[in-house]
Amino acid sequence: MSSTALKYAYYPGCVAQGACRELHLSTQALTQALGIELIELKKAACCGSGTFKEDSQLLEDTVNARNIALAEELNLPLLTHCSTCQGVIAHVDDRLKESQQNDPAYLEKVNGFLQKEGCSPYRGNTEVKHLLYALVTDYGFEAIRQKVTKSLSGLKCAAFYGCYLLRARKTMPYDDPFNPQAMENMFEAVGATPVYYRGRTQCCGWPLSSYATEQSFKMAGMHIQDAIASGADCMVTPCPLCHLNLDSRQPEVEKVIGRKLGLPVLHFPQLIALALGVAPKQLGLERHIVSTRPVLEKLGL
């Protein structure tokens, strides 16, 4: 871990401030427990979750250039806890940094829109980083281990990365997109046992849910069943949209596949915070649709 305190421009995203409020709560609780300072970007806009570019790539780039510029104003990295936001904003950052070299006229066009609205221009002098990778690369596994006050020994955790977090960029400096290990290594750092299963790097089905609901729920059901068959006590995801499909809609998924599931699905910061001694109530674990009680009982909480 760096000898200086870690500080980030915090981009909470939409879902963590609405349907998955517990993600916002647990991110704040975890970072406070680790002594990480978050400066919330209260003026930030929705990243578009990949839909803006269906209408206009320029729209997606302009909206997210502004989001990045808000972090640049603070001279801080932009921190997100949503794999979808990470995928969208980081891809925009890659594209605009490339434009600085190869197509300055395009970047000038983007910054022209920002200037018209009284926003700071995109400069390309910061980075976009998911909470998971901030903990892995900036804080470090050993420093996390030293903070553990409640080992998660005996808890079998199945990571569900979500597709956006692993989607290839010009450089993928943090993990192998085809065989990621960051979450599994983090599970081990807090005493839990990682469970490997077929669906851990696949899509949860959320993007299909508005127009192919049954297929979406079948995808989610397949992954949950695979995790259960592999011995998982819970799934853990770094994406609130995945959480919505895997947890909030699990009762509907059960109806579609004709099978009872009942597998708790935790947000990544909830799991790590539990190991640091943060009380379950502070983490919003009672807000989940699938009860997290079996996880807490296994841990003696």
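These questions and answers cover a sheet and a helix pair in a predicted model.

Residues are numbered from 1 along each chain as its sequence is written, and side-chain values use heavy atoms, without hydrogens and water. In this predicted model local features need pLDDT of at least 70 and side-chain atom pairs pLDDT 80 or more, while totals for chains, interfaces and linings use all residues.

Visitor: In what order do the four strands form the open sheet?
Guide: Strands are DSSP runs of E with at least two residues, and helices are runs of H or I with at least four, numbered from the N terminus. Two strands pair if DSSP finds at least two bridges between them. The pairing here is parallel, and the order is 2-1-3-4.

Visitor: Which residue in strand 2 stands opposite tyrosine 8?
Guide: Strand 1 (residues 7–11) pairs with strand 2 in the parallel sense over four bridges. Opposite tyrosine 8 stands leucine 38.

Visitor: Which strands does helix 3 touch as it packs on the sheet?
Guide: Contact means heavy atoms within 4.5 Å. By this test helix 3 touches strand 1, strand 3 (78–80) and strand 4.

Visitor: Which residues in helix 5 does helix 3 meet?
Guide: The helix 3 side consists of Gln57, Leu58, Asp61, Thr62, Ala65 and Arg66. In helix 5 they meet Tyr106, Lys109, Val110, Phe113 and Leu114.

Definitions and conventions. Axes fitted to C-alpha atoms, helices over the stretch in contact; angles between N-to-C directions.
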